[in-house]
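Here are a few exercises to work through with the model open in your viewer. Try each task on your own before you read its solution.

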Amino acid sequence: MKDDSTLSANDTTVWGRRRFLNTAALTGLTLGAAACTEKESGAANAPAAAPAAAPDAAHAGTNATHLKPGELDTYYGLWSGGHTGDMRVLGLPSGRELMRIPCFVPDALVGWGITNESKKIMGTKPDGSLRYTVGDSHHTHASYKDGNYDGRYAWINDKINARIARIRLDYFICDKITQLPNVQGFHGIFPDKADPVDPAINYTTRVFCGAEFSIPLPNAGLDDGAQYRSMFTCVDAESMEVRWQVLIDGNCDLTATSYDGKLAATNQYNIEMGVKYEDMMSSERDACLFFNIARIEAAVKAGKFKTVGSSKVPVVDGTHTANQDPKTALTAYVSVPKNPHGVNASPDGKYFICAGKLSPTATVIELAKVLDWFDGKLEKLDSTIVAEVEIGLGPLHTAFDGRGNAYTTLFLDSQVVKWNVEAAIKFHAGDKAAKYVVDRIDVQYQPGHLNASQSETKAADGKYLAVGCKFSKDRFLPVGPLHAENEQLIDISGDKMVLLADHPVRGEPHDFIIFKRELLQPKQVYSLDEFPLAIKDPKESGVFRNGKKVTVKMTSQAPAFSLREFKLKKGDEVTLILTNLDKIEDLTHGFAIPNHNVNFIVNPQETASVTFIADQVGVFWCYCTHFCHALHLEMRTRMIVEA
């Protein structure tokens, strides 16, 4: 069998087998299912990757991921938490999970969704209960300055409830959540990297959000899918308020932004506006939709917008019909092979790459040509495509090493393919001797998202690549029907990719970013002044009554609470405020009240509050739940509720 790691796409021996799903929709679906079955049974496995070269001794090798006791990782990883609705923080290359940052879903460890402060961020109903208790976080990205991460913020989406959360990276906490109007299936997000007009603003000021599911606008119970539409949304990075939306034809999937701030884009897998999967697959080509940010914001400023329903958000028209003239167009629909999944920006700032999913191709779009089209200098919009090459079965997402190479997951082949972008452009231009496929490596199994160290910045360093595999099957001990997923770490420093490690993870994580640890300077202790309710002196502690509403103020300082006991009356509405006066790093206190659904933590110098009804007569021992001191078990106070 030929070594397929360096084959060009015109090698008919292998590519005759690899050509995939460019026929009718239902036939394509059948072939796709058959391809999965063949892969599973081993009847028609893709060629194995060539034997791997020895990894770079500087950071790979047998012990690359096994750090010595006390040795710190060189990279942070920010991972989406999937259905747990959180963001996960990993150290790499070890793959150690350092913490989870709750966002969209309650978290009993820290009291997220229990404290008044977290409820305010999450959003509540009129009765004070949480508006939502489920989430589906998919994509996470961080703020930029000068084309690299600046350590200020990260963002993550909730696909189910169209929410976007912001994470403060100084404290690794969620500080704001915004629900987007007029959309469902909010999927792709990406921050801008610079201002589209002012070159002095070389940092993130906006976050772009794509709506995957088309709905009636305003959302009435209409059965006719022809009346459904999708929106592309811009959120202000600082205020987290929605700036504007764009009404589009088709849907949004993933999102990308250019380094100069001028363009944002989303891949579209449903230009047909289908409501059934057969309809969503009926077109042979879909689109990569570009947004001219400066023009959109000028249109909003000029009042050229509408609003939808009760929302006050400006909505501009980005449909085909309204954007025929390139010199005034707000949007540009570049055609790409059918049902793409993923659009990614190369670190050199030149290209966006769309993967085909139902086509074995990757499409390279040159951004300078897109700007030329908007300026009326390019006659045909699809002339912005400088390469469209076959790379394997089921291509999804693409990462980069900063050396001109792209790495794309192949879902059906269960592989990652390494290919050279400039060689692909040469091949597309007619140089059939250009060998653009550089290497392949098998992964276990059915990979989805991948990312490389610093891949989505100008500082892409080409050292590590992580890939999330949707199935783990035989890789770990069986634990019943629900399997762990498999996050794999690959060394990409040399010519050949080298698999370094498997890590079982709880489902279902999606996207992630990997960046150097020196880009962050997390704070270890809060400032009391950040909390308006802070109790700065234990002498301020006490029980303060206003009718049936009672405020209990308390401090914690290992190994004691400032109140040894506090008395309440049955039926009191109680707001308990707790400040941790300890200033020592890693000295966190917890506070739990039996039988009242109260448990939360306060980190050093942090203040948090909870509100509950004292609806049971009795003595309730409130205790510290977070180990803090040799006398941790003795750290208690009594809540005495009288009739």
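Helices (H or I, at least four residues) and strands (E, at least two) are DSSP runs, numbered from the N terminus. You are looking at a predicted model, where local features need pLDDT of at least 70 and side-chain atom pairs count only at pLDDT 80 or more, while totals for chains, interfaces and linings use all residues. Residues are numbered from 1 along each chain as its sequence is written, and side-chain values use heavy atoms, with hydrogens and water left out.

**Exercise 1. Helix H6**

Task: work out which residues of H6 (residues 367-374) are buried, and what they pack against.

Solution: 
- Start with burial, which means under 20% relative accessible area, with exposed over 50% and partly exposed in between (1.4 Å probe, protein chains only). Leu 367, Val 370, Leu 371, Trp 373 and Phe 374 come out as buried.
- Next, check how they sit around the axis: their arc, taken from the directions from the helix axis to the C-beta atoms, is only 155 degrees, so they are on the same side of H6. An α-helix has 3.6 residues a turn, so residues three or four places apart point the same way.
- Then look for partners, with contact meaning heavy atoms within 4.5 Å. The buried residues of H6 pack against helix H5 and several strands, including E13 (263-268), E14 (285-292) and E16 (331-337).
- Finally, step just past H6: Gly 376 has a positive phi of about 80 degrees.

**Exercise 2. Arg 206 and its partners**

Task: find the salt bridges that Arg 206 makes with Asp 192 and with Glu 297, and see what they join.

Solution: 
- The test is a side-chain nitrogen of Lys or Arg within 4 Å of a carboxyl oxygen of Asp or Glu. The structure holds 28 such salt bridges.
- Arg 206 and Asp 192 pass, with their closest N and O atoms 2.6 Å apart. This pair links distant parts of the chain: Arg 206 is in strand E9 (residues 206-213), and Asp 192, 14 residues away, is in the loop between strand E8 (184-191) and E9.
- Arg 206 also bridges to Glu 297 at 2.8 Å, N to O. Glu 297 belongs to helix H5 (residues 293-301), so this pair ties strand E9 to a part 91 residues apart in sequence.
- Zoom out and you get a network of salt bridges linking Asp 192, Asp 195, Arg 206, Asp 236, Arg 243 and Glu 297.

**Exercise 3. A partly exposed pair**

Task: are Arg 152 and Asp 150 buried or partly exposed?

Solution: 
- The two form a salt bridge, with the closest N and O atoms 2.7 Å apart.
- Arg 152 has a relative accessible area of 26%, so it counts as partly exposed.
- Asp 150 is partly exposed too, at 22%.

**Exercise 4. Gly 147**

Task: where does Gly 147 lie, and what does it touch?

Solution: 
- Gly 147 is in the loop between strand E4 (137-145) and strand E5 (148-158).
- With 6% relative accessibility, Gly 147 is buried.
- Leaving out residues up to four places away in sequence, it touches Tyr 259, Thr 457 and Lys 458.

**Exercise 5. The whole chain**

Task: how many helices and strands does the chain have?

Solution: 
- Count 7 helices and 39 strands.
- Buried residues make up 57% of the 643 in the chain.
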